[in-house]
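I opened this notebook to keep track of what I looked up, entry by entry.

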Amino acid sequence: MSIQQNAGLSLILRLKIHSSSGFSQVASAIGEAGGDIIAVDVIHVGKEYVIRDVTVNVHNEAHRERVIRALSAQDGISIINVSDRTFLLHLGGKIEVHAKVPVKNRDDLSRVYTPDVARICTAIQEDPGKAFQLTIKRNTVAVVSDGTAVLGLGDIGPEAAMPVMEGKAMLFKQFANVDAFPVCLNTKDPEEIIRVVKAIAPSFGGINLEDISSPRCFEIESRLREELDIPVFHDDQHGTAVVLLAALLNAVKLVGKKMEDLRVVVVGIGAAGIACTKMIQAAGVQNIIGVDRAGIIEAGRTYDNPMWNWYAEHTNPERRTGDLSDAITGADVFIGVSGPGVLKVEHLKRMAKDPIVFAMANPVPEIAPEEAEPYVRILATGRSDYPNQINNVLCFPGIFRGALDARASDINEAMKLAAAQAIASCVRDDQLNEQYIIPSVFNRHVVKAVSRAVAEAAYKSGVARRESPLALQGAE
């Protein structure tokens, strides 16, 4: 499957334009090839030529090559270099480390390093809990991946996964002022991943597991939660589930239905699908049917996948069998975490009145929004170029901010439910409509609301390691 670009590609073409040719020739060639010029910069002017950087938006890689061929065919125009602005942004990586205090003289050196740092080491040796006060541990998260389930790309390996993990670290910092560092592991063995994460855990206040394939991700997260005393959170599972629940809470409010009365179909019973199911069950939904490639997950049937066995035991109370057409008949809600083209218009016509459709496969949803809109009351996707984007960025920065502030030992169900309710609350009743059931990722109130709610839930559920809820004061 090819990855579709939300905003196309932005190229910088360095062109040598001879005096015999004018810029109009460049503009005409690009325009006829369908490119959109958005900037022109002069790099060098000579007597017989001008070198210009021309920034052009194109739709995809094929369109990129078409624009380049059109320019190459022009007399008097030479292409010196073609740069992709996205590639340029990633040169040398997207994150770096900065010192919080300068080292200007011997006195500074002695206090940040030897000999005075020995006093800090000794204090932590005597009381390991002081690592949260006297080291980066109090505000640092490891973003850990083995590169086996990256975006829509699949198993691309740890090196290729790094740009995604760097981006995640950037979002942690920008949205919640959490310091995060990518840790991509060159192993797919669950036992080795668990061992390595446990070994590096003393340096971090939390572990964000990312893009680890199912079903291995379940065991890895479960074991690490049991064996570490810091929060472990697999964002592909729980971040998706939390934001989904936030959107569902507002959607249900808008259509005038109750959570306990909903009939929900979940398509794609992997890590995210199972987590979404557990999350909405915790919020009161009782009638859920899961569908995967083989059809409906049937109650009473035994599967090779142990998580499907759990699913068969805890869902499908009507004991339906068959495929998506059988599952979706009379459904109030469709939740898709599968792939493109799964959902058809004929499926939508089988749903109950005021259907709610969350087609979250990314980058290509289960159904094109343009096809679905005439037949649904509320539509959400995982994409930023359509309304109601269900995006994990609404969740993970605030969840870790609240967990770190509370010095929580875990991120439990109560904290996740609190996060979902906090996200939903950021859409006021006077704002709520079919095109706005979930706040923008750039809504500055979201992280504050989520971190406060999560810290309070950590304190109330007994996993906060502070005598008083100081995190709540810091979140205001």
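Before looking for patches I noted how they are built: a patch takes residues with over 30% relative accessible area and no salt bridge, joining like charges within 9 Å and nonpolar side chains (Val, Leu, Ile, Met, Phe, Trp, Tyr) within 5 Å. Accessible areas come from the Shrake-Rupley method with a 1.4 Å probe, and for residues only the protein chains shown count as cover. A salt bridge is a side-chain nitrogen of Lys or Arg within 4 Å of a carboxyl oxygen of Asp or Glu.

I also noted that this is a predicted model, in which local features need pLDDT of at least 70 and side-chain atom pairs count only at pLDDT 80 or more, while totals for chains, interfaces and linings use all residues. Residues are numbered from 1 along each chain as its sequence is written, and side-chain values use heavy atoms, with hydrogens and water left out.

**Entry: a surface patch.** I found a nonpolar surface patch of about 460 Å², made by V101, V103, L109, V112 and Y113. V112 belongs to helix α4, residues 106-112; helices (H or I, at least four residues) and strands (E, at least two) are DSSP runs, numbered from the N terminus. V112 counts as partly exposed because its relative accessibility is 38%, where buried means under 20%, exposed over 50%, and partly exposed in between (1.4 Å probe, protein chains only).

**Entry: charged pairs.** Side chains of opposite charge can pair when their charged atoms come close. How many salt bridges does the rule give? The count comes to 29.

In helix α4 I looked at R111 and D107, which lie four residues apart, about one turn of the helix, and whose side chains form a salt bridge at 3.5 Å, N to O. R111 is partly exposed because its relative accessibility is 48%, and D107 is partly exposed at 46%.

I next looked up E191 and R223, whose side chains meet in a salt bridge at 2.8 Å, N to O. This pair links distant parts of the chain, with E191 in helix α8 (residues 190-200) and R223 in helix α9 (residues 216-227), 32 residues apart. At 40% relative accessibility E191 counts as partly exposed, and so does R223 at 22%.

The pair K416 and E413 lies in helix α17 (residues 413-425), three residues apart, about one turn of the helix, and its salt bridge is 3.4 Å, N to O. Here K416 is buried at 4% relative accessibility, whereas E413 is partly exposed at 35%.

**Entry: a lysine without a salt bridge.** K137 sits in the loop between α6 (131-134) and β5 (140-145). What is the nearest side chain of opposite charge to K137? I found D229, 5.4 Å away, and K137 is buried yet has no salt bridge; Lys and Arg count as positive and Asp and Glu as negative, with His and the chain ends not counted. The side chain of K137 does reach the backbone oxygen of F204 at 3.0 Å.

**Entry: a glycine in a strand.** Is G290, which I looked up last, buried or exposed? G290 is buried, with a relative accessible area of 0%, and is found in strand β10, residues 287-292.

Methods:
Polar contact = N/O pair within 3.5 Å; in protein donor to acceptor, adjacent residues only side chain to side chain.
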